[in-house]
Every structure is written in C-alpha cells, then in structure tokens.
Amino acid sequence: MFEGRAPEGAIAIHQGAFVISILDYGAGNLRSVQNTLGEIGAEYELVRDAAGLSHAAKVILPGVGHFGQIMRALDQMQVRDALIERIRAGVPFLGICLGLQALFESSEEAPEERGLGLFKGEICRFSAAARVPHMGWNEIEPGTLREPGAKLLRDLAPHPYLYFAHSYYAPVTDATAATCHYTVPYTAVLETENIFGVQFHPEKSGPIGMKIVRNFVEL
C-alpha cells in the first residue's frame, strides 16, 4: 500500500480518524483522483489487494478505459469478492465513471465479462447516430426519481454542469439520484445507502467536482 497525505497547510478532513482507500488497478485517472483528495485535505492510501481492502473505512474505485479491462484487472488482483464483501458490510463506496458501470451485471462493451452485479441491468452503448465519446460539460438533473437531497450533491446548485467522457452509460434505476441526457436519459449519479457512483469525472469538474468528492469524504 502507498499512502498519500494532504499538502502542507491543508486540514485533514478526518482529523486522523480514517484514510480513504483508492483501489488501484491501473486506471488512467488515478493521479487526478489523488490530487483532488489532496486539495481537500483528505489522506488516502492506494490498495492493490484484498488485505488492503479488509480494513478500508471508505473506498473509491476510479475508472478510465474499457469495461473488460477493469473487470479482468479486479479478478487478476483477486479483489472482486473482497470489494463486494466490504460494500455489503456498509463501507461507503464511490465509483467514478467506469467505476460506476462496474457495479452493474454486464456491459455491451465486454459482454463476456461479469460486472460486480450489485445493481441489475446492463451498461449500454450510445446509439450509432450519437457522436461518441460523449465528451465535455453537461448538465445533470438531480432528484429525477425521488425527492431531492442526494448526499453527494449536498449544497450544490440545482442543475450543476459536470465533465463527462464516455461512450457507454448506465440505465436509470431506483437508485438513480440524478440523470443526464445525451440522446437518452441515463444515470449520472447513483446513490443508495452506502453505495455511490458518478458517471462524470469529479476530478476534472473544477470546484463543483471537488465539492462532490468532499461530500463523499465527509459522509
């Protein structure tokens, strides 16, 4: 495991009570996630095995790339079962982009690979008529399926703009706390009990994205 600390002068949010565990399977946005945590004063550690996950107080699964790649990496690291166990034990979990998609049963991007299966449904590709990847700033619609008040979106404007970069999307479910529309409505924020996921990249979304990460850290 490799530890990271807040920059000198920053206030550690947890006051020494816990460290955020980032599951490091080689995701391209890992450094950006680390930088965001450092900016808000949160200490973190990179974990690469089941033993590291076993004591995690909170887990972040970053994601850039291919659904098959992430699922194969988790299996090669032998952390799939440990990750599911920790999530089911109530440990707060945040999946970013591909990290959100991994929560579902399968994906059209790699139909031969099993997702974590914590949510029913398949990750789908935008239609052939759509320009992909869907890349850039887009508005999300909080509280689409339930009363507003998602924990990740606490103290944000009603319709914030976030940065997206993806060709596949998660379906709208009962756990959808906010949607985005790009040819079809899809899950932009997923939230239920201790499980959180975002399709956009908070680490690339400026102060608003940083606030979303802070909201997760402060749960």
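**Entry 1: surface and overall make-up**

I began with the accessible surface of this predicted model. The protein exposes about 9,800 Å². Carbon and sulfur atoms account for 50% of that area. Next I checked burial. Of the 219 residues, 55% are buried. Then I listed the secondary structure and found six helices and 14 strands.

**Entry 2: the cores**

Which residues touch the most other members of the largest nonpolar core? I found Leu-37, Ile-140 and Val-189. That core has 37 residues. A second, separate core holds 34 residues, including Met-71, Leu-83, Leu-103 and Phe-104.

I then went back to Val-189 and set aside its neighbours within four places in sequence. Val-189 contacts Ile-140, Leu-152 and Leu-153, among others. Its contacts also include the run Ala-175, Thr-176, Ala-177 and Ala-178. Gly-197, Val-198 and Phe-200 are on the list too.

**Entry 3: helix 6**

I tested the length of helix 6, residues 206–217. It has 12 residues, so at 1.5 Å a residue it should span 16 Å. Its end C-alpha atoms are 17 Å apart, which agrees.

Which residues of helix 6 are buried? I noted Gly-209, Ile-212, Val-213, Asn-215, Phe-216 and Val-217. I also looked up what covers them. The cover includes helix 1 (30–39) and several strands, among them strand 2 (20–23), strand 4 (58–61) and strand 5 (93–96). Strand 10 (161–166) and strand 14 (195–198) also take part.

**Entry 4: salt bridges**

I searched the whole structure and got seven salt bridges. I looked at three of them in detail.

Glu-113 and Arg-72 pair at 3.4 Å, N to O. Glu-113 lies in the loop between strand 6 (104–107) and strand 7, while Arg-72 is in helix 3 (residues 67–76), so this pair ties together parts that are 41 residues apart in sequence. Glu-113 counts as buried because its relative accessibility is 16%, under the 20% cut-off. Arg-72 is partly exposed at 36%.

Arg-154 and Asp-155 pair at 3.8 Å, N to O. Arg-154 is partly exposed at 33% relative accessibility. Asp-155 is exposed at 65%.

Glu-218 and Arg-214 also form a salt bridge, at 3.8 Å, N to O. Glu-218 is partly exposed at 38% relative accessibility. Arg-214 is partly exposed at 27%.

I then checked for linked pairs. Arg-154, Asp-155, Lys-211, Arg-214 and Glu-218 join in a network of salt bridges.

**Entry 5: a buried arginine**

Arg-86 sits in helix 4 (residues 80–88). Arg-86 is buried, yet it has no salt bridge. How far away is the nearest side chain of opposite charge? That side chain is Glu-85, at 6.1 Å. The list is Leu-53, Ser-54, His-55, Ala-56 and Val-91.

**Entry 6: Val-19**

Val-19 is in the loop between strand 1 (2–4) and strand 2. Is Val-19 buried, exposed or partly exposed? It is partly exposed, because its relative accessible area is 27%, which falls between the 20% and 50% cut-offs. Val-19 and Tyr-44 are 25 residues apart along the chain, but 5.0 Å separates their C-alpha atoms. Leaving out residues up to four places away, Val-19 touches Glu-43, Tyr-44, Glu-45, Ala-57 and Lys-58.

Most residues other than glycine have a negative phi, and most peptide bonds are trans. I looked for exceptions.

Cys-97 has a positive phi of about 55° and is not a glycine. Cys-97 lies in the loop between strand 5 and helix 5 (98–101). It is buried, with a relative accessible area of 6%.

Glu-193 has a positive phi of about 50°, and it is not a glycine either. Glu-193 lies in the loop between strand 13 (184–192) and strand 14. Glu-193 is exposed, with a relative accessible area of 71%.

Which peptide bond did I note as cis? It is the bond from Val-132 to Pro-133, with omega near 0°. Pro-133 lies in the loop between strand 7 (119–125) and strand 8 (134–139).

Key. Residues are numbered from 1 along each chain as its sequence is written. This is a predicted model: local features need pLDDT of at least 70, side-chain atom pairs count only at pLDDT 80 or more; totals for chains, interfaces and linings use all residues. Side-chain values use heavy atoms; hydrogens and water are left out. A nonpolar core is a set of buried Ala, Val, Leu, Ile, Met, Phe, Trp, Tyr and Cys residues joined through side-chain atoms within 4.5 Å. Buried means under 20% relative accessible area, exposed over 50%, partly exposed in between (1.4 Å probe, protein chains only). Contact means heavy atoms within 4.5 Å. Helices (H or I, at least four residues) and strands (E, at least two) are DSSP runs, numbered from the N terminus. Accessible areas come from the Shrake-Rupley method with a 1.4 Å probe; for residues, only the protein chains shown count as cover. Lys and Arg count as positive and Asp and Glu as negative; His and the chain ends are not counted. A salt bridge is a side-chain nitrogen of Lys or Arg within 4 Å of a carboxyl oxygen of Asp or Glu. The expected span of a helix is 1.5 Å times one less than its number of residues.
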